[in-house]
Amino acid sequence: MWTYVLFNIKSNLKRKENLILIILFIVCEIALLFILNTKSFTESPYQTSLGISIASVSQKNDPKLYQEFMDEVNLIRQTIDKGEQDGKEKNWKSYCEYKVKVSVLEAQWYMVTSNMSNDSYFEHADVLEELRKEYGLPDLSQYEKLIVQKSNDINLYFCSMQQARYFDYLLKHDLTPITYSYVDASSVSLQIARYILPVVLPLLVGLLLFQQRERRAKTEKTILTISGVKKKYVRWNLISDVLFVLLVVFLPILVYMIVLVPFKGVSNLIYPVLYYKPGFTGFHYWDTQGLDHIELVASGLTNMSVNQFTTPGMELMPLWQCTLFVAFGLVLSTIFYVLLITVLSKLMKNKYLSLLVFLVVLGLCSFASPLGNMQKINTFNPMSYRDFGMNLLGTSYFGYFAGIVIIGLYSVILYLVLKWCAKKVRV
């Protein structure tokens with residue numbers, strides 16, 4: 001079997017049309033990496049502090065305590081000013097320490113000023129308390145009696161809580177803050193996966209494979225006369241096509257990683273990224289109705305909108321682990337695309353018609369489900385999961401786990417249809 005699979009892969013690689021496509025694909029990737037690397041120098045790897053609001057505090061309740069509170073606020077403001085300056089001067093260790101301190105105090109203050117009494121609203125409150133003690137920070141809860149009006153808004157708590165844990169991770173792992181467009185050996189695969197492959201991968205599969213039936217027709221009659229081969233033939237072709245596409249996609253990425261290692265190393269393999277845990281561990285649709293604006297907030301390789309960044313389900317994951325999960329999603333997507341174009345080529349006599357239908361179907365599905373779409377029906381739209389990086393990192397309203405299940409289910413159905421085609425239509 002593997003002799004036949006290798007033969008198919010080699011013959012695909014030797015075709016002039018395929019070589020041109022592969023070269024164009026690699027050129028696009030190199031151009032993207034150059035643009036991202038240039039862009040990363042102009043991006044800010046740090047965020048502006050949210051600050052601590054004193055609008056709800058009154059000195060009437062206890063003037064002496066109020067003065068103590070204002071002294072603490074002034075110290076915090078001085079810390080913010082120094083920290084922002086450290087960021088501009090790229091004193092990253094000092095900057096990360098400042099971000100942890102201010103974020104812990106901010107999160108604590110939002111807990112104090114909130115009228116939410118249920119502790120379940122405040123995830124990782126125990127972690128924040130440990131950080132408060134570890135960094136020798138004041139307990140702002142002692143000023144609760146000064147508050148005259150509490151708020152229902154706890155979104156800012158989530159944002160500060162996540163920033164505190166994020167920068168504490170950087171500090172303890174001796175990592176330098178990086179930007180969303182940062183490119184090195186550790187991040188190059190993720191950057192290509194989310195910038196190029198969502199659009200290029202289906203195009204690549206369609207263009208590389210739409211001529212397969214015509215090329216194989218000459219050898220199929222002979223192969224199918226061999227006893228016991230017919231049942232395995234569909235599987236052999238599927239394996240060879242999938243491996244061929246994966247080779248075209250992943251081999252250049254591996255080369256980029258090797259080339260970039262001497263320049264920036266691989267220390268960022270443990271860099272933290274924020275991912276949406278409920279969507280990673282189960283079928284969880286992110287219902288964000290009622291939002292009237294989107295504001296982007298940078299957190300290293302995660303560029304979150306405020307409504308997503310403040311979601312309590314966001315957790316930290318090392319970059320190497322994120323990369324593996326995204327790569328798994330890409331492999332599954334490749335299998336789905338290969339099966340779809342193969343089934344269409346079996347059902348249609350004209351290879352150009354099968355390619356057109358393939359591109360139109362995926363194009364319409366993509367149009368129906370833009371990556372920021374919130375329609376629940378698109379949970380079953382395969383193109384809602386064309387960027388598994390977005391699904392995993394919480395920048396999509398559909399979770400990673402749902403994508404794996406839905407794409408996997410469609411792939412099984414297409415495989416069964418392909419086997420039926422082999423028996424009833426023609427191999």
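Before the details, a word on conventions: residues are numbered from 1 along each chain as its sequence is written. Because the model is predicted, local features need pLDDT of at least 70 and side-chain atom pairs count only at pLDDT 80 or more, while totals for chains, interfaces and linings use all residues; side-chain values use heavy atoms, with hydrogens and water left out.

**Salt bridges**

A search of the whole structure turns up eight salt bridges, each defined as a side-chain nitrogen of Lys or Arg within 4 Å of a carboxyl oxygen of Asp or Glu. The table lists some of them.

| Pair | Closest N and O atoms |
|---|---|
| Glu129 and Arg132 | 2.8 Å |
| Lys133 and Glu129 | 4.0 Å |
| Arg165 and Glu315 | 2.8 Å |

Arg165 is buried at 10% relative accessibility, and Glu315 is buried at 14%. Here buried means under 20% relative accessible area, exposed means over 50%, and partly exposed is in between, using a 1.4 Å probe and protein chains only.

Salt bridges with shared partners also join Glu129, Arg132 and Lys133 into one network. Glu129 and Arg132 both sit in helix 5 (residues 125-134), three residues apart, or about one turn of the helix. Lys133 and Glu129 are four residues apart in helix 5, which again separates them by about one helical turn. Are these residues buried or exposed? Arg132 is buried, with a relative accessible area of 12%, Glu129 is partly exposed at 30%, and Lys133 is exposed at 57%.

A contact here means heavy atoms within 4.5 Å. Gln108 belongs to helix 4 (residues 92-113) and counts as buried at 10% relative accessibility.

Trp92 is found in helix 4 too, and it is buried, with a relative accessible area of 15%. Leaving out residues up to four places away in sequence, Trp92 touches Pro45, Tyr46, Gly87, Thr176 and Pro177. Its C-alpha atom is separated by 9.6 Å from that of Asp174, 82 residues apart along the chain.

**A covered helix**

Helix 7 (residues 188-195) is mostly covered, with seven of its eight residues buried. Those buried are Val188, Ser189, Leu190, Gln191, Ile192, Ala193 and Arg194.

**A positive patch**

Which residues gather in a patch of positive charge on the surface? They are Lys232, Arg235, Lys419 and Lys423. Patches are made of residues with over 30% relative accessible area and no salt bridge, with like charges joined within 9 Å and nonpolar side chains (Val, Leu, Ile, Met, Phe, Trp, Tyr) within 5 Å. Helix 10 (230-264) and helix 16 (400-424) each supply at least two residues of the positive patch. Arg235 has its place in helix 10 and is partly exposed, with a relative accessible area of 35%.

Technical notes: Areas by Shrake-Rupley, 256 points an atom, 1.4 Å probe, with all protein chains shown as cover. Lys, Arg positive; Asp, Glu negative; His and termini not counted. Charge placed at Lys NZ, Arg CZ, Asp CG, Glu CD.
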